[in-house]
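Please keep the sequence and the 3D view open while going through the points.

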Amino acid sequence: MQRTLFFIAVLLFFQSQVKAMDTQADKAILVDLSTETILLEKAPDASMPPSSMSKLMTVYVAFEQLNEGGITLETPVTASTEVWRRWRLKGSTMFLKAGQSVTVEQLLLGIIVQSGNDACAWLAEAIAGSEDAFIVLMNDAAQRLGMTGSNFTNPNGWPDDNQYMTARDLYILAKALIEQFPEYYDMFERRRFEFGTATSNYNNRNPILGRVRGADGLKTGHTEAAGYGFTGSAERDGRRLILVVNGLASDSARRSESARLLEWGFANFRNYEVLKSGDIVATAPVWMGEATGVSLTLGQDVLLTLSRQDRAKLGGRITYNSPLLPPIEAGQEVASLTLESGDGEEIELPLYAQKDVGKVTGFDKLGAALDHLIFGATPEAE
């Protein structure tokens, strides 16, 4: 028969209990990266114009090319006359000049710090030969990353009804930039980019740099259709949060709301190592085995992001077919641990036998059967 054991488990948390915080943004998501726990979400899968936050995908493709050796930071770039004319004074610009030679690193900083539309187009042409070919690379990368709500038609987020993303996809993209390219990620932390003459020195538009402790990325965005948006991240005391907001009414609203949500996330949640790999969670009875029971262990650490208010309210259960039948091998999956919240949210984890348990034979088998007849069922799990 299947046996379920209930136990009290303090320090457990399920994300459905922490969505009470509201935001002025139309779309938003706030995630603790260590556990991928969603601390807040608002229409995270709704399609939206991503404006200059699209540039994060241009940067992602460029970082991939750097890792693959297709380009280097020192690779010189001079754009075609066509690309220069198309983007030279269109929206945010790096003010690149016709025939000018710049490096890949300068273009990346021009994108990250100054949000240059022209820098995106120059870099796209340098990497793929044309903007159209680069857009294919952008959409291919989105597919590989699992960004199911995104489509790109240009490298810089210029308004286009067919260019769209979701807040969740921007989180996925920010996570990939942070985790896959640590050697380049510090570009997002640059407060100032000095390029050319003094009139071409740029300050980073990131609204949380110097405002939120631990802030180190990533990218703002704004168009009339999209409103003011931001994809940002901060790391503090071993925790990293990623925030995406869009649809805010002003630059000041974006600045204050981004800081407010990140500070709320750091202040109200902590990461707890609830259980460790190898911990003995319970002992399950064994029928006709060389031992009457076997310890059940976890095969992974359980790190959860917990609300300080709700962490002691939740519990869990262990489920297995009782009694277990030998032979049992050490490391064999024989049970499951389900961590559960009061409203039905669950996380299920496999449990493994700690040691081998062989079958009994001969008189030992007879003795085990007599024990069962005389004393009843095999011992309960602890």
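The points below go from confidence to the cores, then to charged pairs and rings.

1. Confidence. This is a predicted model, and the mean pLDDT of the protein is 87. Of its residues, 85% reach 70 or more. Two stretches need care. Over residues 3-19 pLDDT stays under 50, and the model has 75 contacts beyond four places in sequence for that stretch. Residues 375-382 also have pLDDT under 50 throughout, with 18 contacts beyond four places in sequence.

2. The largest nonpolar core. Which residues have the most contacts inside the largest nonpolar core? They are M57, F63 and L108, in a core of 64 residues. Leaving out residues up to four places away in sequence, L108 touches V59, A62, F63, L66, L73, L123 and M187. A second, separate core has 22 residues, among them I208, V212, A215 and A259.

3. Helix α3. L108 belongs to the buried part of α3. The helix spans residues 104-112 and is mostly covered, with seven of its nine residues buried. These are V104, L107, L108, L109, G110, I111 and I112. What covers them includes the helices α1 (55-68) and α4 (117-128). The strands β4 (76-77), β5 (102-103), β6 (192-194) and β8 are also part of that cover.

4. The structure holds 16 salt bridges. Side chains of opposite charge can pair when their charged atoms come close. One of the bridges joins E179 to K175, with the closest N and O atoms 3.0 Å apart. Both residues lie in helix α6 (residues 167-180), four residues apart, which is about one turn of the helix. An α-helix has 3.6 residues a turn, so residues three or four places apart point the same way. K175 is buried because its relative accessible area of 19% is under the 20% limit. E179, at 45%, is partly exposed.

5. A second bridge of this kind. In helix α8 (residues 251-268), D251 and R255 are likewise four residues apart, about one turn of the helix. Their side chains meet in a salt bridge at 3.3 Å, N to O. D251 counts as partly exposed, at 34% relative accessibility, and R255 counts as partly exposed at 31%. Bridges that share partners also join E36, K175 and E179 into one network.

6. Are R240 and D216 buried or exposed? R240 is buried, at 8% relative accessibility, and D216 is buried with a relative accessible area of 8%. Their side chains meet in a salt bridge, with 2.8 Å from N to O. R240 lies in strand β10 and D216 in strand β8 (residues 215-223), so the pair ties together parts that are 24 residues apart in sequence.

7. Aromatic pairs. The structure holds eight aromatic pairs. Y185 and F188 form a tilted pair, 5.4 Å centre to centre and with 40 degrees between the planes. Both Y185 and F188 are buried. The ring centres of F193 and Y202 are 6.2 Å apart and the planes are at 40 degrees, so this pair is tilted. F193 and Y202 are buried. Ring pairs also link Y60, F63, F181 and Y184 into a cluster, and F63 was named above among the residues with the most contacts inside the largest core.

8. Charges over rings. The charged end of K90 sits over the ring of W87, at 4.9 Å from the ring centre. The charged end of R236 sits over the ring of F266, at 4.3 Å from its centre.

9. A loop residue. Where does D237 lie? D237 is in the loop between β9 (227-236) and β10 (239-248). With a relative accessible area of 69%, D237 is exposed, because exposed means over 50%. D237 and R270 are 33 residues apart in sequence, and their C-alpha atoms are 10.0 Å apart in space.

How values were computed:
Residues are numbered from 1 along each chain as its sequence is written. This is a predicted model: local features need pLDDT of at least 70, side-chain atom pairs count only at pLDDT 80 or more; totals for chains, interfaces and linings use all residues. Side-chain values use heavy atoms; hydrogens and water are left out. pLDDT is the predictor's confidence in each residue, from 0 to 100. Contact means heavy atoms within 4.5 Å. Helices (H or I, at least four residues) and strands (E, at least two) are DSSP runs, numbered from the N terminus. Buried means under 20% relative accessible area, exposed over 50%, partly exposed in between (1.4 Å probe, protein chains only). A salt bridge is a side-chain nitrogen of Lys or Arg within 4 Å of a carboxyl oxygen of Asp or Glu. Rings of Phe, Tyr and Trp (its six-membered ring) pair if their centres lie within 6.5 Å; planes under 30 degrees apart count as stacked, over 60 as edge-to-face and the rest as tilted. A charge sits over a ring if NZ of Lys or CZ of Arg is within 6 Å of the ring centre and within 35 degrees of the ring normal. A nonpolar core is a set of buried Ala, Val, Leu, Ile, Met, Phe, Trp, Tyr and Cys residues joined through side-chain atoms within 4.5 Å.
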